[in-house]
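Subject: The two-chain model

Hello,

Here is the model I promised to pass on.

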Amino acid sequence: MGALLELRDLAASQEGFPVLRGIDLSIGAHERVALLGPSGAGKTSLLRVLGATLLPSAGSASILGTELTGAREATLRGLRSRIGFVHQDHALVPNLRVLQNVLAGRLGQQGWAGALRSLLWPSREQKLEVLGLLEELGIGDKLFERTEVLSGGEAQRVALARALYQRPAVLLADEPIAAVDPARSRALLELMTQVAQTRGLPLVVSLHQAELAQEFFPRLVGLRAGKVVFDLPSAQVGPDQRNALYALAVGTP
Amino acid sequence: MSIPGDVQTPWHFRRRYALLGIGLVGLAAAWVLDLSWRGLLPRGAGFSLWKRFFGAALQPALSYEGSLQISGATPFLVRVAQSLWATLQFALASMGIALVSGLVLGLLASHSFWRLTPGVRGQGIRLACMLGFRTLSAVLRSVHELLWAMVLLAAIGLGDTAALLALAIPFTGILAKIFSELLDEAPRGPSQALQALGCPTGRALVWARLPIAWPDMAAYAFYRFECAVRSSAILGFFGFQTIGYHLELSYSSLHYREVWTQLYALFVVVWVLERWSSKLRQRVIA
């Protein structure tokens, strides 16, 4: 079986600006990959291509076996419903309960009737299923809490629960620990890698912290100015590679 | 020396001049219309009417005024209560209709529903559709409920349907406008996140933007309900059996004490509704 996520000579732009170019990347089942790079390097854009929400302007992107270029909107929606995406600012609805925010994970997989029913009258089975997920993530007591009262780390766990409730084939996370304090970010990464492993999901996460990336991810991809600078096993990433990413370009073209 | 980026606002856009301008226009209008403070005070024959009318405020009627008493007629206070109830019923029913249709029209008149973002196909048609629904909501609300009542009276005659529609039609337009604006102002992040997991735009709007906009929408709807009660009362002037009908009757019979009883009753109802709605609002928002 081939790679689940496969990008070939991919370029993409956002609002007319090129954000990615010449990207070759192939990610297989069970892989755990961290994307590293300074702000504006294209980490989020790359994740959005992997999540089928940003379409290539050139080259090809095959996501879970579907080629993005030329795909119909309905096909893309179906594809997105199988991709769990944890956003940087968790992007939960603040004045809904945790339960409803997690139930929203399956909105891509139900019609209007099902969507309204789970928003207004969630069934006992739905509640139990969500409770199970939240307990796995260590926030079982927050099931009926209003989402806006949660801490940054708790909210991020709810966002993770929403992604897992999708029963996804891939898990993506865009700087999941950006809004979490350092002490808790390690715990959150541990949790993410753990849930991905137990479910056999490939996990792609963008991070700022190279040390944490090396600790939790066997494979690191370095990005700079929309291009892949390195794609190496974690153990082989040293100061040279890190400098190539973060050093200010002084005197170099 | 000028600081780069420190652009001076043209003087006619400045707030202080705008306020000064509005003040001057106001004064000019008063002068043109020949308004004077003395015009506010009643004189001569007007003064005795003034005294009678406001004197009646201190002793509102508890039964029918005047020597002509019809035996077997509904007691005055009971009739006041009945007409108040009718007023409330019209207001409630028309608000119910306006809420549903205003919500639907508000969704259809919102930017977010039609996905007016570059990159989505068919921007021209989408824009045309949105503008169509915005125009519809503008047409509905540009005619006042009393004018709608006149039109509907001519069209379908004096009846409950005419009164209901007279309130429901303009209120639909107003609610649609406010609802669509509130929906468009709600933060995009959560609804975009739902679209990223395969949720179609309409459902993402209902799941993510509607709940965020909901407290403001509810607050506005309650305020509109108060307006509906007042308008429903005034519809009585056209012959619909709300409190305005009896108010007008008492007024033209010079039964000012009856007039005041009914005004007080209306005041109490609006005040009670206000208290009730603020209680409810606290629960919705908190």
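**Sheets of chain A**

Strand 1 of chain A and strand 4 of chain A pair in the antiparallel sense over 5 bridges; strands count as paired if DSSP finds at least two bridges between them. Helices (H or I, at least four residues) and strands (E, at least two) are DSSP runs, numbered from the N terminus. A:Ala11 sits opposite A:Ala58 in strand 4 of chain A.

Before going on, please note that this is a predicted model, in which local features need pLDDT of at least 70 and side-chain atom pairs count only at pLDDT 80 or more, while totals for chains, interfaces and linings use all residues. Residues are numbered from 1 along each chain as its sequence is written, and chains are lettered from A and ligands numbered from 1 in the order in which they are written.

Strand 1 (residues 5–14) of chain A also pairs with strand 2 of chain A, in the antiparallel sense over 7 bridges. In that pairing, A:Gln14 has A:Phe17 in strand 2 of chain A as its bridge partner. The hairpin of these two strands of chain A has 2 residues between the strands, and A:Glu15 takes a positive phi near 50° there.

Where do these strands belong? They are part of an open sheet of 4 strands in chain A, with the order 2-1-4-5 and antiparallel pairing. Strand 2 (17–27) and strand 5 (66–67) of chain A are at the edges with a single partner strand each, so one side of each has no neighbour in the sheet. Helix 1 (residues 43–50) of chain A packs on this sheet and touches strand 1, strand 2 and strand 4 (58–63) of chain A. The direction of helix 1 makes about 120° with that of strand 1 of chain A. For such angles, axes are lines fitted to C-alpha atoms, for helices over the stretch in contact, and angles run from 0 to 180 degrees between N-to-C directions. Contact between two residues means that their C-beta atoms, placed from the backbone, lie within 7 Å.

Chain A has another open sheet, of 6 strands in the order 6-7-8-3-9-10, and its pairing is mixed. Strand 6 (83–86) and strand 10 (227–233) of chain A are the edge strands, each pairing on one side only. From one strand to the next, the twist averages 15°. Strand 6 of chain A pairs with strand 7 (residues 170–174) of chain A in the parallel sense over 4 bridges, and A:Gly84 stands opposite A:Leu171 in strand 7. Helix 6 (residues 152–165) of chain A lies across strand 6 and strand 7 of chain A, at about 170° to strand 6. Helix 9 (residues 239–246) of chain A packs on the sheet too, touching strand 3 (32–36), strand 9 (219–224) and strand 10 of chain A.

**Domains of chain A**

Chain A is assigned domain 1 (1–81 + 174–188 + 204–253) and domain 2 (83–167); the bounds come from an automatic or database domain assignment. Taken over C-alpha atoms, the centres of the two domains of chain A are 26 Å apart. Their contact takes 14 residues from domain 1 and 12 residues from domain 2. On the domain 1 side, helix 2 of chain A gives the most, with 3 residues. That side has 7 nonpolar, 2 polar and 5 charged residues (Ala, Val, Leu, Ile, Met, Phe, Trp, Tyr, Cys and Pro count as nonpolar, Asp, Glu, Lys and Arg as charged, and the others, Gly among them, as polar).

**Between the chains**

How many residues does each chain bring to the contact? Chain A brings 23 residues and chain B 15 residues. Helix 2 (73–80) and helix 4 (112–120) of chain A each supply at least two residues of the chain A side. By class, that side has 11 nonpolar, 9 polar and 3 charged residues.

**Helix pairs in chain B**

The axes of helix 5 (residues 123–142) and helix 7 (residues 160–185) of chain B come within 7 Å and cross at roughly 135°. The two helices of chain B are therefore oblique to each other (angles under 35 degrees count as roughly parallel, over 145 as roughly antiparallel, 65 to 115 as roughly perpendicular and the rest as oblique). The residues of their contact divide into 6 nonpolar, 3 polar and 2 charged.

Best wishes
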